[in-house]
Amino acid sequence: MQLPSSATVAAVVLSVVLFICATEAHNITHILASHSQFSTFNHYLTTTHLAAEINRRQTITVCVVDNAGMSDLLSKHQSIYTIKNVLSFHVLLDYFDAKKLHQITNGTALAATMFQATGSATGSSGFVNITDLKGGKVGLSPADYNGPPPAKFVKSIEEIPYNISVIQISTILPSDEAEAPTPGPSQMNLTSLMSAKGCKVFAETLLASPAEKTFEDNVDGGLTIFCPGDDAMKKFLPKFKNLTAEGKQSLLEYHGIPIYQSISNLKSNNGDMNTLATDGAKKYAVVIQNDGEDVTIKTKIVTAKITATLVDKLPLAIYSLDKVLLPNELFKAAPTPAPAPAPEAHAESPKHSKSSPGPASPADSPADSPADGPNGDADDLTDSGVVKDNAGASLAAVFSLWFAFNLLM
């Protein structure tokens, strides 16, 4: 059997290294940071949280405009929520670098935008039409736009094939739907939103508590609510009624985080998070963890799972849970039972039957803590190990190929 040449092995090693480098995450704010003429566009990508959404996507094109173009948009004095819609209309869900823009099949292409993906656009209003024009120009226009393309391709800013392309266009793309007034969160009724989507018991309990004002006061600055579903809340009500007035308020506020967290943010930002109930030494923190597509909210008493996204619109996110979150500041975990005493040794050698069972192995023993009890540090070690193993696997692949290359040299 003929061994592969050293050149072949070297090529394979190089391909693996390049693949790993190519799949590293991009960062749109870092890309634009070195271009001061796009500082306003970059600022609003961060303010509207669009930057984080862009960074999580692959195979996209961001159409940026310079500071003068952003001034035209800002002169309309639109809300930050409308500005987010407008900017999301400038993020194409496909990769278009300079070469591809000038070689479009049949001279025209239709691209979906991030605004289309929000579900707020009707019909084809969330699509952008790209057209090759005479004289080497490329025009961009809303799909439902009548007339010559209002925006032109100016130049390429950054190209990371086929991950992200950042291009400059001459002006903001007009869109009546994206620019339509968008109600702010203060115009929304939190309890009505929850009641209509399966969290009526929690909403009614919140409405009868001072905690309701705490939630309302935090909406504009960003708020994430974890509301237990009706079945879970009904089951918990007898315990809730036994709490003091202060305890009831703290428990309800324990189901809110004073920042906006989209579902993708929760999946990528695991760890401890303070809640609306946090007050100095009274930590009232929760632990966010994800297992694949599932996101769990853990306390030292219970682990609840997000079952549905009820609202996810900057700066408000509401998720339903399958359980009520129980803080250890108000509830105590079930005590761990003491181990059974070992049998006393006897002078005589006992005659054991071969069929008599020996002591139960840890795998056969019942769990030391209740199903909803604390899991200790084991979960954290497992999660950390998975991350390290994944990273190690990539490095192992590279070093294995490098080693094979050296053997053949």
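**Close-up views of a predicted model**

Cys227 has a relative accessibility of 0%, so this residue counts as buried. The model shown here is predicted.

**View 1. A disulfide joins Cys199 to Cys227.**
The two sulfur atoms lie 2.5 Å apart. A disulfide is a covalent bond between the sulfur atoms of two cysteines. The count of disulfides comes to one. The torsion about the S-S bond of Cys199 and Cys227 is about 65°, so the disulfide is right-handed. The pair links distant parts of the chain, 28 residues apart. Cys199 sits in the loop between helix H9 (190–195) and helix H10 (200–207). Cys227 belongs to strand E8 (residues 223–228).

Is Cys199 buried or exposed? Cys199 is buried, because its relative accessible area is 0%, and buried means under 20%. Cys63 also has 0% relative accessibility and counts as buried.

**View 2. Phe89 and Phe115 form an edge-to-face pair.**
The structure holds six aromatic pairs. A pair of aromatic rings is described by the distance of the centres and the angle of the planes. For Phe89 and Phe115, the centres are 6.4 Å apart and the planes stand at 90°. That angle is why the pair is edge-to-face, since the cut-off is over 60 degrees. Phe89 lies in the loop between helix H6 (80–88) and strand E2 (91–92). Phe115 lies in helix H8 (residues 114–117). The pair links distant parts of the chain, 26 residues apart. Phe89 is buried, with a relative accessible area of 1%. Phe115 is buried too, at 1% relative accessibility.

**View 3. Tyr95 and Tyr162 form an aromatic pair.**
This pair is edge-to-face. The rings are 5.2 Å apart, centre to centre, with 75° between the planes. Where do the two residues lie? Tyr95 is in the loop between E2 and helix H7 (98–101). Tyr162 is in the loop between strand E6 (151–160) and strand E7 (164–169). The pair therefore ties together parts that are 67 residues apart in sequence. Tyr95 counts as buried, at 2% relative accessibility. Tyr162 is exposed, with a relative accessible area of 62%.

**View 4. Three Phe residues form one aromatic cluster.**
Which residues make up the cluster? They are Phe236, Phe240 and Phe331.

**View 5. Lys100 lies over the face of Phe96.**
How far is Lys100 from the ring centre of Phe96? The distance is 4.5 Å.

How values were computed:
Residues are numbered from 1 along each chain as its sequence is written. This is a predicted model: local features need pLDDT of at least 70, side-chain atom pairs count only at pLDDT 80 or more; totals for chains, interfaces and linings use all residues. Side-chain values use heavy atoms; hydrogens and water are left out. A disulfide is a pair of cysteine sulfur atoms within 2.5 Å. Helices (H or I, at least four residues) and strands (E, at least two) are DSSP runs, numbered from the N terminus. Buried means under 20% relative accessible area, exposed over 50%, partly exposed in between (1.4 Å probe, protein chains only). Rings of Phe, Tyr and Trp (its six-membered ring) pair if their centres lie within 6.5 Å; planes under 30 degrees apart count as stacked, over 60 as edge-to-face and the rest as tilted. A charge sits over a ring if NZ of Lys or CZ of Arg is within 6 Å of the ring centre and within 35 degrees of the ring normal.
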